[in-house]
Amino acid sequence: MTKEKKENPYLFCRKKRNLTRDKVNEMIGISSDRLGDIEKNERNAEPEDIVNLSKCYEMPRLCQYYCSHECEVGKMIGYPEIDLHDSENLAKIALEILYCLKPIQNIDTDKLIEISRDAKISPDQIQDFKTIKETLEPLSKFYNALVLWEKEDQAEKNWKKGKTL
């Protein structure tokens, strides 16, 4: 079974907005050739390119995509992967959040209060702190994905109303 190759996310988003490379050049100043090279995977995008394209297309997900797939710092932090081509992202994010909530019920809140009270982690609290942190970490990632989805949804509504750059 072969994996279907997905369209470059930067090209996908530009097409979704029905913009030409020349129009994007007029809007944010990125050259049509540079944008074409990025869309054909012949040149790596710079963070500034991604921020500008994200604003131009009103698609915050481009920043998330860049951070989770291309930026070494973002890969290290571990952003949740959101498929730019998937229209069912909200349902998937919601299910992940619900899944992450179950283990949180098992956190010993008294231990968290004890650790937090003096703002110091004593040697005997290190393992408890690590367990609490590891339990909360997945929820944090999917919360951020939910916030991104909300921004994307609002941007999509604004785009349809004609409220752009």
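User: Buried means under 20% relative accessible area, exposed means over 50%, and partly exposed is what lies in between. With a relative accessible area of 22%, which class does Ile104 belong to?

Analyst: The model is a predicted one, and in it Ile104 has its place in helix H7, residues 89-104. The relative accessible area of Ile104 is 22%, and the buried class requires a value under 20% while the exposed class requires one over 50%. Ile104 is therefore partly exposed.

User: Which residues does Ile104 touch, not counting residues up to four places away in sequence, and how far apart in space are Ile104 and Thr135, C-alpha to C-alpha?

Analyst: Beyond those sequence neighbours, Ile104 touches Thr135, Leu136 and Leu139. Along the chain, Ile104 and Thr135 are 31 residues apart. In space, the C-alpha to C-alpha separation of Ile104 and Thr135 is 6.4 Å.

User: How many aromatic pairs does a search of the whole structure find, and what is the geometry of the pair of Tyr10 and Tyr65?

Analyst: Searching the whole structure gives one aromatic pair. The ring centres of Tyr10 and Tyr65 are 6.0 Å apart and the ring planes stand at 85 degrees. Since planes over 60 degrees apart fall in that class, the pair of Tyr10 and Tyr65 is therefore edge-to-face.

User: Which parts of the chain does this pair tie together, and how many residues apart in sequence are they?

Analyst: Tyr10 belongs to helix H1, residues 9-16, and Tyr65 to helix H5, residues 61-69. Tyr10 is buried at 2% relative accessibility, and Tyr65 is buried with a relative accessible area of 17%. Because the two tyrosines sit in H1 and H5, the pair ties together parts whose distance in sequence is 55 residues.

User: Which residues of H5 are buried, and what do they pack against?

Analyst: The buried residues in H5 are Arg61, Leu62, Gln64, Tyr65, Tyr66 and Ser68. What these buried residues of H5 pack against is H1, helix H4 (47-57), helix H6 (72-77) and H9.

User: How are H2 and H3 oriented to each other, and which residues of H3 meet those of H2?

Analyst: Helix H2 (residues 21-28) and helix H3 (residues 32-39) pack at about 120 degrees with their axes 9 Å apart, and because an angle of 65 to 115 degrees would count as roughly perpendicular and one over 145 as roughly antiparallel, H2 and H3 are oblique to each other. H2 passes H3 in a right-handed crossing. The contact of H2 with H3 is made up of two nonpolar, three polar and three charged residues. From H2 come Arg21, Asp22, Val24 and Asn25, and the residues of H3 that they meet are Ser32, Leu35, Gly36 and Glu39.

User: Where does Asn18 lie, and what is its phi?

Analyst: Asn18 lies in the loop between H1 and H2, and at 71% relative accessibility Asn18 counts as exposed. Its phi is positive although Asn18 is not a glycine, with a value near 55 degrees.

User: In the loop between H8 and H9, is Gln125 buried or exposed, and what is it in contact with beyond its neighbours within four places in sequence?

Analyst: The loop between helix H8 (109-117) and helix H9 (126-161) also holds Ala119, which is exposed with a relative accessible area of 70% and has a positive phi near 60 degrees. Gln125, by contrast, is buried, with a relative accessible area of 7%. Leaving aside those neighbours, Gln125 is in contact with Glu114, Ile115 and Lys120.

Terms used. Residues are numbered from 1 along each chain as its sequence is written. This is a predicted model: local features need pLDDT of at least 70, side-chain atom pairs count only at pLDDT 80 or more; totals for chains, interfaces and linings use all residues. Side-chain values use heavy atoms; hydrogens and water are left out. Axes are lines fitted to C-alpha atoms, for helices over the stretch in contact, and angles run from 0 to 180 degrees between N-to-C directions. Helices (H or I, at least four residues) and strands (E, at least two) are DSSP runs, numbered from the N terminus. Angles under 35 degrees count as roughly parallel, over 145 as roughly antiparallel, 65 to 115 as roughly perpendicular and the rest as oblique. A crossing is left-handed if the near helix is turned anticlockwise from the far one by less than a right angle, and right-handed if clockwise. Contact means heavy atoms within 4.5 Å. Ala, Val, Leu, Ile, Met, Phe, Trp, Tyr, Cys and Pro count as nonpolar, Asp, Glu, Lys and Arg as charged, and the others, Gly among them, as polar. Rings of Phe, Tyr and Trp (its six-membered ring) pair if their centres lie within 6.5 Å; planes under 30 degrees apart count as stacked, over 60 as edge-to-face and the rest as tilted. Buried means under 20% relative accessible area, exposed over 50%, partly exposed in between (1.4 Å probe, protein chains only).
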